[in-house]
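Please keep the sequence and the structure in view while reading.

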Amino acid sequence: MADTQEYDIVVLGAGSGGYAASIRAAELGLKVALIEGDKVGGTCLHRGCIPTKALLHAAEVADEMRESESIGIRGTFDGIDMGELNQYKSSVVDRMYKGLTGLIKSHQIDTINGWGRLVDKNTVDVDGTLYRGKNVILASGSYSKTIGLDITGRVITSDQALNMDEVPGSAVILGGGVIGVEFASVWKSYGTDVTIIEGLPHLVPNEDESVSKNLERAFRKRGIKFKTKTMFDHVDQHENGVTVHTRDGKTFDADYLLVAIGRGPATANLGYEEAGISMDRGFVLTNDRLQTNVEGVYAVGDIVPGLQLAHRGFLQGIFVAEEIAGLNPKVIDETKIPRVTFCNPEIASVGLNQNTAEEKYGKENIEATEFNLAGNGKSQMLGTAGFVKLIREKDGPIVGFHAIGARMGEQVGEGELMVAWEAYPEDLEGLIHAHPTQNEAIGEAAMALAGKPLHTHN
C-alpha cells in the first residue's frame, strides 16, 4: 500500500506560479507540499527569463564596446568567449537558485523532488508516494513548441540556444514574437548573420502596431533581416547547416534554425483529463478565480490560457494561495499585467494598444500621443531612438502605455500604475519627473496628452 502524506495544499510544479503559491500559502499558515521533477524556479529561472537576460546583457556590453569610440572611449571588441559567457550566465542562475531554495526552506515548505501525476482531485502520486491536499494547485508550466520538427543537430529551440558553446555564423529564426526577436538581437550583437521568418504582417505582432513598425526600422538599421507574411514549409538539415524552405518557394541557408514559435502547456500525461478537469488544446480551463471545474483544484501560470509571462504566474500563485486561505483577493485583470521584450531596442507595454482601445471605446473616443526619445537627453546619451506612447479614453483615463527604446523595460512600472489606477493625464499636474532621466519621457507624453506639450508639437 502506498504511503500517504497529508497537506492543506499540494502544488504540482515549482516554477514562478507554483513557488509563489507555496510561499504565500506558507506565510498564511497553511501546510504545503511543493512537487517538482526538475529544479525549483522552473523554466523562467533555468531555461528562460534569467539566462536569456544574462545573454542580452552581454550583448548590450558588446554593442557598447563596438560603439565606444563614438563617445571618445578607446576600446576594441575582440569577440565572444562562449565558455566565459556561459559561466557568467550560470553563476547568475546559480545565485538566484540558491536564494530561492533557501527561501522555500525557511518557510517550512516540503519540497518533493520527483515527477508528480494527479490521480484524483486531492491526490498527487510521486513514485508511489501519495500526497493528499485539501486543495491542489496545478502549475506544470510550458515547453517550447516545435510544430512537429525533429529538434536535433542544427535545428534547435531556445533550450539548446541557451547552452551553445559557439556563436553561430548565421541563423534563421522561425517566429518573430518575443523569443524570436530577443535571440535575433542577442546573436546579431555577437556577430551572427540573422534572418527572422514570421507568418504575420509584423514582428512582435501582439504589440501596438507603431511599436512593431519602429522595431522593424531599428532591426533594419542593425542589419537584422526579416521576412513577414512568410510561412515556413520545411527544413533540410545537412552536416554544416540547414536549408529552410518557405511556402512562397524561397530558401534560406544558415548554420542553425532556431524554432521560436511560442510555448505550449506542459499538461500531457499528468492525469488532468482523467481527474475530470476541463481542457482545451492542452490548456487547463479555469474561472476568473483560477479554479478549475473540479472543486478544490486550481491552476496557475502557462497552463492557463492567456499571457505566458513568469510574473503573471507569480501573481496568479499569490492570488490562489490567498483565495484558498479565505482572503477573497481581487480578481486579476490581465490587461493590467506589464509586458517587456528585452531585445535592442527594448519594448515595454501595459494595457490596451491603439487598435484594441478603438475597438472597445470607438475610434472617435480615443486619443493617443507619442513622445519621441529624440527629445530626451538621457536617451540621446544612450544613443537610442524610440518613443513613449500613451493612449487615453477621450476626456477619460489612460488605458494604454507603450514604449520602445533602450532600457524602456525599467519604465513600465509607472505605465502599469497609470493604467491600473485609471490615471488621467491631468492627474500628473503639479508633479515632475527627475531630470535628466529617461523617465521624463513619460511625463512629457502625459503633458502632451493633457493638451499642454512642452517639448512636442500638437
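Predicted model: local features only at pLDDT ≥ 70, side-chain atom pairs only at ≥ 80, totals over all residues.

Helix 6 comprises residues 178-190, and its axis lies 11 Å from that of helix 7, at an angle of about 25°. Because angles under 35 degrees count as roughly parallel, helix 6 is roughly parallel to helix 7. The crossing of helix 6 and helix 7 is left-handed. On the side of helix 6, the residues that meet helix 7 are V181, A184, S185, K188 and S189; their counterparts in helix 7 are L215, F219 and R222. Sorted by class, this contact holds four nonpolar, two polar and two charged residues.

Helix 6 also packs against helix 3, which spans residues 49-66; their axes come within 8 Å and cross at roughly 40°. Helix 3 and helix 6 are therefore oblique to each other. Here, too, the crossing is left-handed. Helix 3 contributes T52, K53, L55, L56, A58, A59, A62, D63 and R66 to the contact, while helix 6 contributes E182, F183, V186, K188, S189 and Y190. The contact of helix 3 with helix 6 has eight nonpolar, two polar and five charged residues.

An α-helix has 3.6 residues a turn, so residues three or four places apart point the same way.

Helix 7 covers residues 209-222, and N214 is part of it. Is N214 buried or exposed? Its relative accessible area is 11%; because buried means under 20%, N214 counts as buried. Apart from neighbours within four places in sequence, N214 is in contact with G386, F387 and I404.

Strands of a sheet pair through backbone hydrogen bonds, either parallel or antiparallel.

Strand 13 consists of residues 241-246 and runs antiparallel to strand 12, to which six bridges join it. Within this pairing, D236 has T243 of strand 13 as its bridge partner.

Another open sheet contains five strands in the order 20-21-24-23-22, and its pairing is antiparallel. Its edges are formed by strand 20 (339-341) and strand 22, each of which pairs on one side only. Neighbouring strands are turned against each other by 10° on average, direction ignored.

Strand 21, made of residues 346-351, pairs with strand 24 in the antiparallel sense over six bridges. E346 has G405 in strand 24 as its bridge partner.

## An enclosed helix

Why is helix 12 described as largely enclosed by the rest of the structure? Nine of the ten residues of this helix, which spans residues 440-449, are buried, so helix 12 is largely enclosed. The buried residues are E440, A441, I442, G443, E444, A445, A446, A448 and L449.

These buried residues pack against strand 22 (366-372), strand 23 (387-393), strand 24 (398-405) and helix 11 (412-420). Just after helix 12, G451 takes a positive phi of about 90°.

## Backbone features in loops

The bond from N344 to P345 is cis, with omega near 5°, and P345 is placed in the loop between strand 20 and strand 21. The bond from H435 to P436 is cis as well, with omega near -5°; P436 belongs to the loop between helix 11 and helix 12.

Positive phi values also occur in residues other than glycine, including K229, whose phi is near 50°. K229 is found in the loop between strand 11 (225-227) and strand 12, and it is exposed, with a relative accessible area of 63%. R281 likewise has a positive phi, of about 55°. The loop that holds R281 runs between strand 17 (279-280) and strand 18 (283-284). With 69% relative accessibility, R281 counts as exposed.

Methods. Residues numbered from 1 in each chain as written. Heavy atoms only, no water. Helix = DSSP H or I, 4+ residues; strand = E, 2+ residues; numbered from the N terminus. Buried < 20%, exposed > 50% of the residue type's maximum accessible area, 1.4 Å probe, protein only. Contact = heavy atoms within 4.5 Å. Axes fitted to C-alpha atoms, helices over the stretch in contact; angles between N-to-C directions. Parallel < 35°, antiparallel > 145°, perpendicular 65-115°, else oblique. Left-handed = near helix turned anticlockwise from the far one by under 90°. Nonpolar A, V, L, I, M, F, W, Y, C, P; charged D, E, K, R; others polar. Pairing = 2+ DSSP bridges.
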